[in-house]
Amino acid sequence: MPPGLIRLSPGEIDRTDLLLKLQQGVFLHLPDVGGTEGVSVTAFLLEVLRVGDGQFRDEVRTMMLNSRVVDDPDTTWLRGDDVLVVSGAMPGLVGAMLRSNSPIKALRATISDAGGNQDSLSRGSKSGFITFKAFNTVLRDHFDDIMNYGAYGGRYEA
Amino acid sequence: MKLLRVKMGKTPTWSVEEMGAYAGTGGRNLTSMVVAAEVPADCHPLGPENKLVIAPGLLSGSAAAISGRISVGCKSPLTGGIKESNAGGQAAQTMARLGYGAIVLEGEQDSGQLYKLIITKDKVKLEKADELKGLGNYAAVEKLVGVYGDKVALMTIGQAGEMKMAAASIACTDMEMRPTRHCGRGGVGAVMGAKGIKAIIFDDAGCSLREPANPEAFKAANKVFTKGLQSHPVTGQGLPAYGTNVLTNIINEAGGYPTNNFKTGQFAGAGKISGETQADLEVRRGGSATHACHRGCVIKCSGIYVDKNGKYVTKQPEYETVWSHGGNCGIDDLDTIALLDRMDDDFGLDTIEMGATIAVAMDAGLAKFGDAAAAVRLLQEVGDGTPLGRLLGAGCAATAKAYGIERAPVVKGQAMPAYDPRPIQGIGVTYATTPQGADHTAGYAIATNIMKVGGFVDPLKPQGQVELSRNLQIATAAIDSTGMCLFIAFAVLDQPETFQALIDLINAFFGLSLTADDVSALGKKVLSLERDFNKRAGFTKEDDRLPLYFRREKLEPHGVTFTVPDKELDQVFNW
C-alpha cells in the first residue's frame, strides 16, 4: 500500500463523512490477476459490489472511466491510477445519454470511450490502486459492500 | 371544457366561451396555438397586444397518474419569441376540474392597479388586490389562504412580476399551499404583471374528477402506466430517493458541469452539493427527500429542505437550481443555495436565469466566485428593485451587455441550463435550435418508441446529433401537450408497454384511436407553429446558434469546443 493511505472504517468515521468520501473518491485495490489484459470493469465491479452478473447489469447503468463513458464494461480494462465511477440509472436527457450503451449515446460522442480497451492496455500498470466513486442508488445500496472490500483514504482528518 | 377570456383595461371584463378551434387541445399545443393565432408577432411582450395563455394538459384533472403540469404561453419578454413554460403544483388539476381548458389574459393594466381572478364552480370574479401589492409569493399566498382557505390552488406573481422583470416567473402552489412550483422560463411573470393580475384563485369545491369516455379501458391503462413508472429504476428508485440533483456528481464527472460562468467543466465542490449529500442532510435534519409536487404524482422527485433547527426553508432545490446558484457561481454550500432558491420563489424569479445572471455579475467583478454572501446580496437587490436589481432582473444577456462581458451563456436571450454543450454536443444542438431559447427540457422526451415514428433511430448505429435532437424535440412538444410530467420519458424509453399505456390513456379518456404516428404529428405541428411565430417576430437561422465563444474556448477537462456545423443546425427542422 502506498504510504499515506489509511483504511476507512465505518466504526471510526461518521457515515455522512464516508458518504461524501465515496462520492469524491476513495482508493480501492486493483488486484493483479495475471495475463496481459488485467481486470475488466465488469469483473472488478462484480467483486467490489458483491453481485452476480444479472444484478450488476440491472443496478449499474452508468459507468465512467477517467471522465469518459464506458459502453462495454466487459472489454474495458482497468489500470492503476484510473478513476472509475459507478451509478444507477440517472434522470434527465443527459443522464440518459450517459448510460452505458444508451440509444442516444451519439449525443455525447465527444466523451464516449471509443476504442477504450486498446487505450487501457497501453495506459499503465495492471494492478495497484484506483480511485473509485459511487453515486445514486449504487452508493445507497452498496455502501457496506464497498467498505467491506476495503476503501482507503489519504491522511483522513476528522 | 370552456375558455375564459379576461380583458384587462380601465374596466376589466371577462367572458366564458366555447373552446372552438382549440377544442381537443391542451398544454403547450393549446398555448402555442393561441399565441400563434391571436398575438401579433411584432408586438411588444409587455404591451396590450400580447396575451398570456394558461392551459392544463389534455389529461389534467383526471385520475391519470402524474398529469398535473400546467402550461403558460405568451410572447416572451426575455427572448422576444414564442414561449411555453410549465410547472407542477395543484393549479392544472383544479383548473381542469373546474372545466376550463384555457384562460386567456388580454389587454393591459398600466395604472398600477392589481387584480385577483377568482374562479369557482359557478362563478368568475375579478377583484382589486390592493392588499397583495408589493408582496412576495409566500406572503401573498398566506393572505389568500386566510381568505379562501387551504383547499384552493393559486397562481401568483411576486415583486419581480409586478416590476415586469424579464426573469419573472409565475408561482403555483403545491399540496402544502406553498408557492414552490414555477412556470419559470422566459419572463412569463412579467406578462402577468403587465396585465395587472397578481393572483388567480382556483376553488374547485363541488367539482369532481374529469370522467373518461371509456372508464374501464382508462382504469386499465392507468394501472399499467403507474406500474411502469414505479418499477423503473429512475422513476421508481433514483428520483424518489435523491431528486433531480442526483445529476450533479455524474455531470461533473463527465466534465460537462458548467463552473464559474461556464469557464470549466468540473467543480471541486460538487460532492458537497450533490443530490446524495442533499438527501442525507434533509433526512438528518428532519426534512424529507421524497415528496410529490401535486396530487396524483407517483414519482415524488421533490423533498423538503429544512434548516439546522428543522424549520422549513424551501422545497428540495432541483438540479438546475443547485447548479445555477451553486457550481456556476463557485458556491458549495447547500444552505446558501436553499436560501437563494427560497428568495427566487418568493420574489418570483427563474432560478436558472438568476443563477446564470449572478455568475455573469461575478465575471464582471461585482463579486468573487464562491462568495455566498455576495450572491444573496445581489439577489436581494433584485427583490428590492434597486437600480442594480432591475438590471439583474432583466436577465443574463442584459447584464452581460451592461457590463461588457462576452461570456453570456444564452441562446435567443435565454440562459443555458446546467449542461455545457461542448463535451455534450447533442444538447447544444437543442439549445441552439429550439424555438424556446436555450432550454434543456425542449428536447427531453427520450422515447425511442416515439422517435421511431419521428424518424427511426437504430440504437446499434451511431446517429447524427441533429436527427436525435429533432426527434427528441418532437416527442417533447407532444408530451408537453398532455399535461404529463416529462419524467415519464424514462419509463417510456425502456418499457414499450409503458409507452403504449400512455397512448391508451389518451385514447380511453377521449374515445380516440390515436397511434404513435399521431403523437409524432402533434409534436411536429406544435414546433411548426412556434417556428412560424418566431419567423414573423424577426428570427432567422442566425438566431439558431450558440454564442461564438463556445466554438473558440476549450472546456477542460476534455479540452473540447462546440463543433456541430451551422449547416447541420439548419437541418434540425427539415422534416
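This is a predicted model: local features need pLDDT of at least 70, side-chain atom pairs count only at pLDDT 80 or more; totals for chains, interfaces and linings use all residues.
## Ground rules

Local features here need pLDDT of at least 70 and side-chain atom pairs pLDDT 80 or more, while totals for chains, interfaces and linings use all residues. Side-chain values use heavy atoms, leaving out hydrogens and water.

## Where the chains meet

Chain A puts 37 residues into the contact and chain B 46 (contact means heavy atoms within 4.5 Å). About 3,500 Å² is buried between chain A and chain B, with carbon and sulfur atoms giving 68%; buried area is the accessible area, for a 1.4 Å probe, lost by two parts on being put together, summed over both.

The rule finds 1 salt bridge across this interface (a side-chain nitrogen of Lys or Arg within 4 Å of a carboxyl oxygen of Asp or Glu). Lys133(A) and Glu253(B) make a salt bridge, at 2.9 Å from N to O.

## A crossing in chain A

Helices α1 (residues 15-24) and α6 (residues 136-149) of chain A pack at about 95 degrees, axes 11 Å apart (axes are lines fitted to C-alpha atoms over the stretch in contact, and angles run from 0 to 180 degrees between N-to-C directions; helices are DSSP runs of H or I, at least four residues). So α1(A) and α6(A) are roughly perpendicular, a label for 65 to 115 degrees.

Among the residues that meet are Leu18(A) and Leu22(A) from α1(A), and Phe143(A) and Met147(A) from α6(A).

## A pair in chain B

Over in chain B, α12 (residues 351-363) and α15 (residues 396-403) pack at about 15 degrees, with axes 8 Å apart. That makes α12(B) roughly parallel to α15(B), the term for angles under 35 degrees.

Definitions and conventions
Residues are numbered from 1 along each chain as its sequence is written. Chains are lettered from A and ligands numbered from 1 in the order in which they are written. Helices (H or I, at least four residues) and strands (E, at least two) are DSSP runs, numbered from the N terminus. Angles under 35 degrees count as roughly parallel, over 145 as roughly antiparallel, 65 to 115 as roughly perpendicular and the rest as oblique.
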